[in-house]
Amino acid sequence: MPNFFSTLGTLIGVTGAANLRKPDGSIPNATAAFATDATASIVGPLLGTSVVTAYIESITGVQAGGRTGLTSLTVAGLFFLALFFWPIFVIIPPQATAPALVLVGVLMMQGLARIDMTDLGNAVPIVLTLLVTVLTNNLINGMALGTLSYIALEVTVGRRSQIPAMVWGLGAVFIAYAIVIAQIF
């Protein structure tokens, strides 16, 4: 379940940054994207790697002009070449790579500028999602609170009929997830 929601968040972010969503907001070829991510998540660890999944950092490739997959293949080729130079790469201290990660974070935040902050029904759930995700280091917690707060705010202001069925479904899934997690821990 965490992998599904992580992939969902990544697809929403990357397709939004690349302007690849359909006018109704749906993601083209979403089934193939989810199937590919699920397959990679299973096969990767079987081959001895850490979990292989889509990462939100892909937005930097999209913002640099990558839209067709050639960027991903180029990065994969460079990672393959890096295998032969890993003794050199491991001597680079984390302090040297931190500025690049800060830059990636800044690029990822550019989408926040397009949020209509005058509509609290949209702004509050987005800000809660961001804050909870960052403070708990858990995307699912952020998405759950964001989705449930969106539903609560829309119901409170009388816009219950404007909540899409998919959001109601996600709300139910997040509530079930919270109940299961509470029972485990």
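Select asparagine 29, which is placed in the loop between helix H1 (2-17) and H2; helices here are DSSP runs of H or I with at least four residues, numbered from the N terminus. Its phi is near 60 degrees, a positive value in a residue other than glycine. Asparagine 29 is exposed, with a relative accessible area of 64% (exposed means over 50%, buried under 20%, partly exposed in between, with a 1.4 Å probe and protein chains only).

The model is predicted: local features need pLDDT of at least 70, side-chain atom pairs count only at pLDDT 80 or more, and totals for chains, interfaces and linings use all residues. Residues are numbered from 1 along each chain as its sequence is written, and side-chain values use heavy atoms, without hydrogens and water.

Next, select aspartate 37 in helix H2 (residues 30-46). Aspartate 37 touches Asn3, Thr7, Val52, Thr53 and Ala54, leaving aside residues up to four places away in sequence; contact means heavy atoms within 4.5 Å.

Move to asparagine 137, in the loop between helix H7 (120-136) and H8. Asparagine 137 has a positive phi, near 55 degrees, in a residue other than glycine, and is exposed, with a relative accessible area of 72%.

Finally, display H8 (residues 139-156) with H9 (residues 165-184): their axes come within 9 Å and cross at roughly 125 degrees. Axes are lines fitted to C-alpha atoms, for helices over the stretch in contact, and angles run from 0 to 180 degrees between N-to-C directions. Residues making the contact include Ile140, Met143 and Leu148 of H8 and Trp168, Phe174 and Tyr177 of H9.

Terms used
Helix = DSSP H or I, 4+ residues; strand = E, 2+ residues; numbered from the N terminus.
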